[in-house]
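Colleague: Take me through one part of this model in detail, please: the charged side-chain pairs first, then the strands and the packing that go with them. I'd like the cut-offs as you go.

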Amino acid sequence: MKIKSPNQNPAALITAAAIICFIFLAMPVMATGVINKKPVKKTNTKIKSLVSRNNNAIKIYPDIFKRKMHVVAKDNASKEIDFFVFDLQGTLVHNYKMKPRDRKQMINMERGSYVYRVFCGDEEAASGTFQVH
């Protein structure tokens with residue numbers, strides 16, 4: 001049995017092209033008309049893993065897959081900052097001297113809550129808490 005190619009059967013080619021065009025043109029209409037969801041209201045919830053006050057000196061964010069935290073020093077008027085991390089008992093866990101736009105990783109941290117303090121000279125530039133899950 002010999003199979004016909006699309007060049008030998010133009011009616012089949014035109015029919016297939018028309019079906020494909022109809023599907024692509026109907027997708028946006030079906031997506032907006034059929035699905036009628038109410039807009040989700042934004043809630044004012046705070047992320048429990050990072051709570052900070054007056055945090056204009058550093059940026060702290062967790063690594064999604066590993067138990068480590070990334071710390072990035074902001075510009076800070078080109079001044080060096082001292083970054084301290086304490087556990088809830090007040091024991092010093094990490095201490096870094098960071099230049100502007102410097103990056104550090106706090107690795108092998110135990111699960112729990114931590115308090116951090118950032119000093120620019122003798123003045124406290126930022127403070128806050130974060131949790132390692």
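**Salt bridges, sheet and core**

Modeller: Start with Lys 68 and Asp 63, which make a salt bridge with 3.9 Å between their closest N and O atoms; the term means a side-chain nitrogen of Lys or Arg within 4 Å of a carboxyl oxygen of Asp or Glu. Keep in mind that this is a predicted model, so local features need pLDDT of at least 70 and side-chain atom pairs count only at pLDDT 80 or more, while totals for chains, interfaces and linings use all residues. Numbering runs from 1 along each chain as its sequence is written, and side-chain values use heavy atoms, with hydrogens and water left out.

Lys 68 is buried at 15% relative accessibility, whereas Asp 63 is partly exposed at 21%. Buried here is under 20% relative accessible area, exposed is over 50%, and partly exposed is in between, with a 1.4 Å probe and protein chains only.

The structure holds three salt bridges. In another, Lys 97 meets Asp 82 at 2.9 Å, N to O. Lys 97 belongs to β5 (residues 92–98) and Asp 82 to β4 (residues 81–87), so this pair ties together parts that are 15 residues apart in sequence. Strands are DSSP runs of E, at least two residues, numbered from the N terminus.

Three strands make an open, antiparallel one, in the order β2-β3-β6; strands pair if DSSP finds at least two bridges between them. Neighbouring strands are turned by 20° against each other on average, direction ignored.

β2 and β3 pair over five bridges, with Ile 60 partnered by Val 71, and they form a hairpin with six residues between them. Four bridges join β3 (residues 69–73) to β6: His 70 is opposite Gln 105, and Met 69 is opposite Met 106.

β3 is largely enclosed by the rest of the structure, because five of its five residues are buried. Met 69, Val 71 and Ala 73 cover one side, with His 70 and Val 72 on the other.

As for packing, the largest nonpolar core has 20 residues, and Ile 58, Ile 60, Phe 83 and Met 106 are among those with the most contacts inside it. Such a core is a set of buried Ala, Val, Leu, Ile, Met, Phe, Trp, Tyr and Cys residues joined through side-chain atoms within 4.5 Å. Leaving aside neighbours within four places in sequence, Phe 83 is in contact with residues including Ile 58, Ile 60, Val 71, Met 106 and Arg 117, where contact means heavy atoms within 4.5 Å.

Conventions:
Axes fitted to C-alpha atoms, helices over the stretch in contact; angles between N-to-C directions.
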